[in-house]
Amino acid sequence: MVTTRLLLFLFLVYSANFIAQDKYPDPSICELINEDYDSLLVDDKTIDYELNKILDIIGFYNQDFFIQACTNLENAITFKHDGNNYILYGEIFLKSITNNSNLWAKTFLLAHEIGHHIHGHAIDISSINDYKLKKISLDEMRNNELEADNFAGYILGKLGASLEETSELISHLTTYEDDLHSTHPNKSKRLQAIKNGFYNSNKNIENNQPDSAYDYFLRAKDRYMSNDYSGAIIDFNYAIKLNPDLFEAYYNRAILRKKVNDFEGAINDYDIFISENINDVDAYLDRALCKSEMNDYDGCINDLKYAIEIDSNYSRSYFIMGVILRQIDLIDEAKRYFDISISIEPEYEAALLERAKIYSFKNLNSLSINDYDLLININPNNNYIYSLRAKCKYEIDDFLGCIMDMEKYLVEFNKDFEAYNLIGICKFNLKDYSAAMDYYDTAISLNSNFESAYRNRGIIKEKLKDFEGACRDWKKASDLGCMDCEDWFYKYCN
Ligand SMILES: [Zn+2]
């Protein structure tokens, strides 16, 4: 009674959620604090750089700390679990902070949280009993906050921030109100703690300051190479202040500003650079990308057209045009530009990948498989591509091919429960029910709330006449939101 059409539908859901596993520690840690984790893809790699900068100063290693974004968290918190130090933060919370404050805000926030760990404030939540036993008074909590602020002030002083920059975030976030009934101290106490820490940091560094624009420029490049983006921007600021005609500094600062999502600032810098370098194709391309980030698509496409006019043989210009057109849903136009960039540079991997995605979007799966073949030829170790090709093979009913590709992908991404589910679906289509069951089992063992796998496993159990098991799985799937499963449960299970 349940047909494979249904499985096809499931697969559509599956492909929409298909993401590569991130290297970040363990999103399920969000569950420890009763947090959902819907969108796990942390693309904010800069947080790692900031962490390393801070730990460098106090001689700790990155491995000692786990940082994880949680979807709904409205602040940042620290705790210990199984002996590890955790810092969790809300993705939106962090974005609002970095959007509304200076470049040091993120560093300050992290330093403050690390300060809690360094000072031993973080509670170990491995044991619920401990958690209940450890009663902290409001007074002690406020004191902890001041210690963490003091630490953060010290760190930012060491890193070269001004006192004003160091204090800005807390100035924004706090008020002067009486704090007697609050877990956090008021503004004046916190600013004082920051100031104390700041002045404790050795201020001799000023004696080692570079003395010419070019020296600043060189140090900025060093800082950039060691991923210290905020430090590098500050050095470029000095370089430009000392020599406003150092146009390379504008260009480089623009790249950095773009990296830290200050697109408006980046566009300003590109404007100045381009006014002196009117034929610099890459500057136009970069400015175009910033404009697209600010939804100025007309300005963006104008820049791209101009770049192509300057050099009609530069594959990257066509590629970026394709990406932008794809973004605004001009799919066929986008494909045309990817075609051109590939005709100029046949092994242009990013362009091949984008074109393949367009083909599969248009259900031209054999064509996208061709492009994936090329990509795998160019770089046989890119296991992620196998998963994309597997998906296309599934669409054209090449279940064996799909399984083989997915198995290759799993060599590297062996925690991807969606991949096991897809193999299960293929095995089902090949009528190898017990193997399908094994794959669904694995998918569920990796994610005990994986609706689709319960639904699919229920279908197999029903086929194998394990009606009780089928009903159990459908009940679970229906609890997780599967409407069909709810119907089946009421129809076939009492
Ligand atoms: Zn705190």
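User: What are the ground rules for numbering and confidence?
Analyst: Residues are numbered from 1 along each chain as its sequence is written. The model is predicted: local features need pLDDT of at least 70, side-chain atom pairs count only at pLDDT 80 or more, and totals for chains, interfaces and linings use all residues.

User: What makes a run a helix or a strand, and how many are there?
Analyst: Helices are DSSP runs of H or I with at least four residues, strands are runs of E with at least two, and both are numbered from the N terminus. The chain has 26 helices and three strands.

User: Why is helix 12 called roughly antiparallel to helix 13?
Analyst: Helix 12 (residues 247-259) and helix 13 (residues 263-276) pack at about 155°, with axes 8 Å apart. Axes are lines fitted to C-alpha atoms, for helices over the stretch in contact, and angles run from 0 to 180 degrees between N-to-C directions. Angles over 145 degrees count as roughly antiparallel (under 35 roughly parallel, 65 to 115 roughly perpendicular, the rest oblique), so helix 12 is roughly antiparallel to helix 13. Residues making the contact include Phe247 and Tyr250 of helix 12 and Phe263 and Gly265 of helix 13.

User: How do you know which strands pair?
Analyst: Two strands pair if DSSP finds at least two bridges between them. Strand 1 (residues 65-70) and strand 3 (residues 84-90) have six bridges, in the parallel sense. Strand 2 (residues 76-81) and strand 3 also have six, in the antiparallel sense. Cys70 has Gly90 as its bridge partner in strand 3, while Lys80 has Asn85.

User: What makes strand 1 and strand 2 edge strands?
Analyst: The open sheet runs in the order 1-3-2, with mixed pairing. Strand 1 and strand 2 each pair on one side only. The twist averages 25° from one strand to the next.

User: What makes a set of residues a nonpolar core here?
Analyst: Its members are buried Ala, Val, Leu, Ile, Met, Phe, Trp, Tyr and Cys residues joined through C-beta atoms within 7 Å. Buried means 20 or more other C-beta atoms within 10 Å of the residue's own (exposed: 12 or fewer; partly exposed: in between), with C-beta atoms placed from the backbone. The largest core has 87 residues; among those touching the most other members are Leu304 and Met406. Helix 22 (residues 417-429) gives the largest share, eight residues. A second, separate core has 37 residues, including Ile47 and Phe151.

User: What share of the chain is buried?
Analyst: Buried residues make up 40% of the 494 residues.

Key
Two residues are in contact if their C-beta atoms, placed from the backbone, lie within 7 Å.
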